[in-house]
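Dear colleague,

Please find below the structure that I am handing over to you.

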Amino acid sequence: MSQSKWIWGLTIGGTLLLVLAPLKLQSQPYIMHIAIVAFFYAILASSWSLLAGYAGQFSFGHMAFMAIGAYSTGLYGKFVRLTTAPTHICKEIPLGKYWLVIMNIYGNNCLEAGKANMPVGTLIYRLPAFQGIILGALMGGLFGLLVGVLVLRLRAAYLALFTIGFSEIVRVALNAEIKVTDGPNGLELAPLFPRGVHILGYSFAPTDKLPPYYVMLLLFLLSMGIMHWLSISRFGLFIRSIREDEEAAAALGVHIIRYKVLVFVITSMIAAAAGAVEAHYIGVITPNILLILQMSLVIAMAVIGGLESLLGAAIGAIIIEFALEFLRTSFTIGSVTVDMTTWRLVFFGLLLMITLRFWTSGLIHPLIQRVTRAGVAEETVAKRKAAEG
Amino acid sequence: MIELDVNNISKNFGGLQALNSVTFQIRGPELVGLIGPNGAGKTTLTNILDGAIKPSRGTVYLNSRRIDTLPPYQVARCGLGRTFQVTRAFRRMTVLENLMVPALAMHPTARQRDFRDKAMTVLEFLTIEHLANDYGRSLSGGQQKLLELGRLLMLDPDIIILDEPFAGVHPKLMEIIYEYITTVNAQGKAFIIISHDMDTIFTLSQRLLVLNFGELIADGAPDVVRHDPAVIEAYLGEEEPPEAMEETYLGKTEGDSKDA
Amino acid sequence: MEHAYYFWWALLWIIGWGAVGGIVTPRIYSKKDLDVSQAALAGTAIGAAGGPFALAPLWYLTPRLNWKWVVVPGVVILAIFAASFAAADPNNLCVTNGPFVATQVTNGLIVGIIYGLMALGLTLIFSIVGIVSFAHGEFYMIGGMAVYYFTVVWFPGMSPFWGILLAAALTFALGAAFELLFLRVMNTGKVERPDEYAILVTFGLSFFLQYFTLALVGANPKKVQRFLDFPAFGLPSANHPTVLKVTSSTVNLFNTISISSPRLTAALMSLVLLGLLLWFLQKTWLGKALRAVSQDRAAAVTGINPDTMNTLAFGIGTMLAGLAGAALVQVFSWVPWVGTLASARGFVIIVLGGMGSLPGAFIGGLIVGVVEALGAGCVPDPQRAAAYIPAYGMVILTLVLLLKPTGLFGREL
Amino acid sequence: MKKKLLLISLMIMILALTLPAVTVLAAPPTQSGGQDYVIVADDWLSKLADKFLGDILSYPAITYYTNQKNAEDSSYAKIKNSDEIEVGWKVYIPSKEEADAYFKKQVSNVGAAGGIKIGALAPLSAPGSVTGGTAMKAAFEIALDEINAAGGVLGKPVQLVLVDTEGLPERGTAAMERLINQDKVVGVVGEYHSAVGLTAKEVAHANHMPTIFAETWNDKITSVEYPEVFRIAPVSSEVAGVDAHFIQSLGVKSVVIMTENTGYGIPAAEETTKRLADLGISATTFSADLGTQEFSSIIERIKAANPDLILVLLTGETSYNFEEQAAEAGIGPQDVKMICNQVADDSDSFWTNVPDGKNCFYRRVGLPRALYTDATKAFVAKYTEKTGKTSAESYAMEAYDSLKLMAQAINEAKSTDPDAIISALEHISYNGALGTITFPYGTHNPIPAGTDAKWWHQFPKPAITMVQYQEKGQSSADAAVVFPDAYKTADPILP
């Protein structure tokens, strides 16, 4: 079982690396920024690989769940306040000494108008971003449940088309409902830590990268942990059996409806949570994040990393995010100058096709598998020899 | 005591009457053969027993519990397991994982390692223990059939329905399957076996059900059924004696769709 | 909207009772041991149309259901929809102005025909190769680009006819080459999950083609001059063209409905191509062979190699997309990303018409064309009307997939 | 082992990706010779710089040395922002030699990396406007050649780091982060999309990075009054004002605005509607997604509304689609007064895509042709030669000017210190393709009460004219200027 020690060692080593690296990289906010975005994509790609690779549900609506998470927390921050006095105009819910004020979505800002009714010294709180993120994850899960139930009967191309349709409807609605979502301008969100972070004698400004890095890293490790645990537990076994053959799985006692819906709910929640954190970090979320192009990026990351491997997809996403970022410059071969701003996506599309065609299980996953299955293969060979001998 | 009660099952597909008022019972660990010409309704019947499709009329009770209204996974948990005409191993899961699916599905709080020993015993019994960590897709067709039988042992049902267990199987594997059926039957499980391999089915089963055009035309011991005029009529209708069916049919089963 | 609530309540009624009907009816039918194949759809339709007043007798009497039980309530639903809309917004042009509606519908039908051509290729590929090509829009884009480059840039003065032919040849060759390189492997059984492989690999192709074209030709919009200048005449007479007035750029019917000539040319071209395609599939040996393969791959008649048929079908499918692009490059300004919206619309159409059905694609195109035209024409808030255009089709798509995944003319799943 | 090595090498690869070289800046020599000074009321650092060092632009040296002293001796103040000093602070005023040493060090720091780096933003891939981005790129290249041909800035060659923003706000953040922290640019110029500008300005502010926005019209970009943010593009609301006055001059009563569903289109339509309402003109807005091809339903509705004038705020190929389809449906520029989109200025592209576009009005930003300065003429000549277009779009001119402006500001600042550059920009008078650019309102001349905050660091007088294609196939160079009267070359042809 030496390989399992290796795996544990590498996992812990990798985690430590990710935790400690920013201490060295603090002075490089650009690298930190890419790292945060890379984790964001890694969460999306690995949760998509759980949905598509493990459970076989090729959904193109993953970014829609992400956006639902982001917009939920954004709207929560935009329209909900906690005050120490009632406005008497807005919809408000008394909570002990406080009032939860829900501003009217259409029409005037009732909180501004309501200030006239509030005594001097009234405090108005924006609710913390973390509440919004949890709300976002829950909304993502709710929509995941809805979509999961609706797509139960649909397979392959039908499922892909339905989820594209869902994603487009969400995008168009976010674009068109300007009064609520601020439309194409994008919804602005407060930073994760509006007052900065003060811990152990260190202070970080709201714009510093270190706190959001750790928040995103935590979410990444947490979701990887949850998904890994799920994938090796009965859940993983069942969703893979559903992927392989729904009817056979059902005939063997697997509650296919429950697990199919569940996998949608879980992956949607993870995507939504990632979207919510990312939106707070960037400070703005626009409906353009739902363009099919963005979804194809996530799909390509998962495919190139390894569709049937959470870790492969995550590493694939991180490498591709860094690569795409660093490829944004032109290079010259001899007399030909290649402008990578346009060509990088051409090569990227080509890489996606070629990976699919010739390396079905991705480029990263086989490397991981060689380590994890090395001992197993030896064991099998030994047994087979024994059986033949 | 195993009790299966199939009462007046009928099934229409659009205008087509696939099954017409089929009734039979199974009491105890019987070994029942189900035969009939192509399109007689055998697969429809198994699909109804398994819960994959709902009958138009009629009821099915297993151990006094009505199962025709239940979805397949609940039917499986009630104690009815089946294989499919075309083998349906989970191709990109290891053999061991294949076996774990029904084991865990039956035991909601159990964990994989609780069943490892049992799974290895089952694989040994089926002589494929050396393939435990191989992927399903790397197995030969016959080995995949064995794998399906292994999964049924892990499911541990009262009644096992085997759909064409002998079709396209190497003679050596056929022996293993044969032994599997008799051994497991001796351990107290009832079997319903669908087969076109007349020789085998006639020697193997204790009782034969014969379907023709959706009707149950005979139900009895093999020797009785062999000489039943209705059965001879049904097979002679195709101008071929029962024994000769095997070769002409076997060639076709591979490409046959599961809903045939 | 003055009385918007009329409309929203009607919609709520339709959706709510539709859902009740769709969920409960099949259970009641199966309890009574009746045929349930139409129960969900008919239950939804009847519930949405009549609510409890229709569902109660339906559940009590449980008549044998057929397509009439879907169509009649469908008409009633449309009527309720239209009536509540009229009540909600009595001053809307779609309510008060007949010629306006007629013009919108005509416009919708004309563009619908063109959409249909685009979707024909997609559905043809599905029926024979068995996959949905996500790169279809890019072949459409390439078709238009090719006509522009052949007739305007490389060989100025070349007749558009030859430009179209060359574009067709190019898209056919590209499609066939892609099939040989990337899709043929699916037939060998080496690909574990062929359906998903096909989705992803065509997705990659679409990505590749779009950015490749962008890198090559840049982002400047391109357009080809109209292919045909119509001769000017009028009916009943040139001086009093009350029925029909044709100028070089427009055709005007009854002085109300005007259709621009590039559009009409494109629509006529689509009809001709549809005819040619049907003739090819029905009358020629190759077409019959293609249909045979689409019916049953395994039962390939002697002398037909299904692999070759796949390549051919994929090539013809992409060629149809290219031809649709070639027809439209004189109507719309052409940029490398025109395919994205077009392929999304193509998906809507083939799902609506039934995947794999040629008449379905054509009629689906007409329906989508009219729905988009009426949607953009009637939604009261002008700021939302056009902004929601991409959503109208997607709403159709999701509804069809939920209620009747086989579409209007599809085979059973 | 081999397999494990593979995985380890993979990890190392990731490690290598995340650990780029860290450059350490050496501090300039600290020698005494200066003096301490306690701030009194009405002091500005630049005023002190002028008094003690003889150059108002030398104040960054005061900031720098004071902060140096603060590190050793907390009785000195810590100056976070040179514009915000308080009475009673103790600052250190360096000697002339120290100040010079500081500026030399600044220059050589930058020079050590091979040249002075200026960052540029432009959308070069979808969903951004690639048309706009590529035009801006060409203009940047021309400006860069000119700057370096003239000896660069501060005696060093200029390197341009152009980053694609894809028109996405989140990419705007990333691009700015990269320019500032990775490429260590000394200033940022450019950008086309307002939505990107809105997020980019936040990064610029957080990092105190002088930034000149080229084609981002959104009012908010300047109205937040960030000291770092300048803009030479017109303000959206002012453009709306020009449109409105032109529309009024045509005697129009009802207008339909066809706008795009973007961060540019929606606010622009709202502002124009407001301005028109002030003038007693009613307006209805229709909006469509960018990339919409099929407009016939909308056009029928516009037809039914029977407006006196149609204003097209769609951009790119979407505007061409609308304009041509409107013409085909009988409400084109020859039937109804139509203000086409400003992209019509690329006349080749316009006539290819809108053959029935005769009599189109369009708004042109930048000097009218008759008033072209030598700089404008020179730029247009180079630009048309480089791109093969018939004229230079306003955003190309703005891109060109933004880069040259930044170069001139650095030269005048004699330093790459952000405060110095900002101060130089506030006092600049630059002659370029758009005319003479100045920024009247800023730290040294706060916006007076009653004046809108949008004028902060804003080039107030980008010339905006209304032009009309009066003949089919006309080049934009020959198109008639019809508004305002000051620039008029011909009367508008009205349908």
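Chain B has a mean pLDDT of 82, with 90% of its residues at 70 or more; pLDDT is the predictor's confidence in each residue, from 0 to 100. This is a predicted model, in which local features need pLDDT of at least 70 and side-chain atom pairs count only at pLDDT 80 or more, whereas totals for chains, interfaces and linings use all residues. Residues are numbered from 1 along each chain as its sequence is written, chains are lettered from A and ligands numbered from 1 in the order in which they are written, and side-chain values use heavy atoms, with hydrogens and water left out.

Within chain B, confidence is highest in strand 8 (residues 190–194), at a mean of 91, and lowest in helix 10 (residues 245–253), at a mean of 37. Helices (H or I, at least four residues) and strands (E, at least two) are DSSP runs, numbered from the N terminus. Over residues 239–260 of chain B, pLDDT stays under 50, and the model has 30 contacts beyond four places in sequence for this stretch. A contact means heavy atoms within 4.5 Å.

B:T59 belongs to strand 4 (residues 57–62) of chain B. With a relative accessible area of 19%, B:T59 is buried (under 20%, where exposed means over 50% and partly exposed lies in between, with a 1.4 Å probe and protein chains only). Beyond its neighbours within four places in sequence, B:T59 has contacts that include B:D5, B:V6, B:R66 and B:D68.

Chains B and D have no contact, and their closest C-alpha atoms are 19 Å apart.

Chain C holds an open sheet of four strands in the order 1-2-3-4, with antiparallel pairing (two strands pair if DSSP finds at least two bridges between them). Its edge strands, each pairing on one side only, are strand 1 (233–235) and strand 4 (257–260) of chain C. Strand 1 and strand 2 (residues 244–246) of chain C run antiparallel and are joined by three bridges; C:L235 has C:L244 in strand 2 as its bridge partner.

For chain D, the domain assignment (automatic or from a database) gives domain 1 (35–94), domain 2 (105–236 + 381–455) and domain 3 (237–365 + 464–487). The centres of domain 1 and domain 2 of chain D, taken over C-alpha atoms, are 28 Å apart.

With kind regards
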